[in-house]
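Work through the following exercises with the sequence and the model at hand. Each task is followed by a stepwise solution.

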Amino acid sequence: MSLSFEQQLLAEQIRALEETQGAEPAVAVPSDGKDFFSWLRLRNQQLQQKPHIAAALHQAPVLFRRLLIGVCLIAALGGAITSIKALSNAGSELNIFWVLGVLLGLSWLSLLLWAVTLLLNRDHAAGVVAPLFSGLLNRFMPAREKPTAAQAASRIWLQRHFFSPAGTARFGWITHTIWSAYLAGGVIGLLLLFTTRQFDFVWESTLLGGGSFVQLTEILKMPLQVLGLPVPEATQVIASRIDIRGADAGEIRRVWALFLLGCVVIYGLLPRLLVGGICWLVERRLQARMELDATQPYYVRLQREFWPKARQGEVLDPDQHKPQPVAAENISAAVLPGNCVWLGLELPRQFALPEMAKDLINIRDEATFQLALRHLQQHQRLPVALLADGNRAVDRGMQRVIIRLAESVGPRNLWLVIQPAPIETGRQGWMQTAARAGLTPEQVNFL
């Protein structure tokens, strides 16, 4: 079983707490029938319920939410004030397309700059904002030799969210959320201003004629028409020229006001919400790909607590598989179901094979691995026993084979048999590999 991002974050925060504040008393979590990550998840859930740990874990996310809400409120207020000031200073006559350029120009310019910097820094974990944010983090929450529990847990929370592969996406949706609040405030400011004051909407140009503005209006109003909003007709666009006054001025003012509000929402607010939503989804996807590094000394210590020192020999699943006698003396003590399909893992030529495993496929490279998979397809419902030489330390190649084999046949259908039993350091390497493959302690045999 693999851990979700939230479960990995909890595990890392508790690791930081135990490494800086001292190990917590042992938690009674049974390991029978569980792999290491399932046991770790249950252990952390129990520790999370302790008041002092819960208080340390919740500080960073609570402060982040409050800060984000506060910044969004300030941005919304700033957007409302900016739009009201911009229109109030223009007098009673508003140049329609000039006002649109003022309200949307800065937003689209910043959106373009964000896209360019994202493309130029796509190989960096958190983009160009990371150095600035890292400096602020080190200033207000510096790494201390003896941090408090809240400081230790908060630094892990910030590092996992902002300085991981998903950091760029998080910075992205935060930026677009703030801009969305600014534009929403601008829309509210325009709505209040149009409700309480009367404006005449006009356009003027030295070089362009009425046909150009009619064509531009036709392009801008297409999504507004889909939403059923009133839009200016060609005659109303011509009638809004600064040196022309139409008879239906009141209706023209209303149509232009709704057109202006609709354009700010469609071409300003919605793109920000859309891109922000995409960034949020990308962050979730990248977080789902993250893995917990179980080779850290803290997790190695927990694995020693999880894996029993020794186990009594017993037969699993006796109703479905009839046990068979085993030729080798040590193999007979293995915790294995009957009728196993035997495979070897880089076994030397002089390795003494048990009688039942005389015809096993010895996986040495990719070709023999594929041969083993084709052999297992003919015995899909039978358990698989993988025999390895305990005199060798497990290396990365062996780890990849075990993990891929567990993915192919299912973690619950694979048993490891390590003969002879390695020394303690070698045993820990096999334990870590089995945990990464999702095996339970009952599925590993040191003989």
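**Exercise 1.** In which sense do strand E5 and strand E6 pair, and over how many bridges?

Solution. The model is predicted: local features need pLDDT of at least 70, side-chain atom pairs count only at pLDDT 80 or more, and totals for chains, interfaces and linings use all residues. Residues are numbered from 1 along each chain as its sequence is written, and side-chain values use heavy atoms, without hydrogens and water.
- Step 1: locate E5 at residues 384-389 and E6 at residues 414-419; strands are DSSP runs (E, at least two residues), as helices are (H or I, at least four).
- Step 2: the two pair in the parallel sense over 6 bridges, where pairing requires at least two DSSP bridges.
- Step 3: Leu387 has Val417 in E6 as its bridge partner.

**Exercise 2.** Which residues touch the most other members of the largest nonpolar core?

Solution. 
- Step 1: a nonpolar core is a set of buried (under 20% relative accessible area, 1.4 Å probe, protein chains only) Ala, Val, Leu, Ile, Met, Phe, Trp, Tyr and Cys residues joined through side-chain atoms within 4.5 Å.
- Step 2: among the 41 residues of the largest core, Phe36 and Leu40 touch the most other members.
- Step 3: helix H3 (51-88) gives the most to this core, with 8 residues.
- Step 4: a second, separate core of 28 residues includes Leu343, Ile361, Phe369 and Val384.

Methods. Buried means under 20% relative accessible area, exposed over 50%, partly exposed in between (1.4 Å probe, protein chains only).
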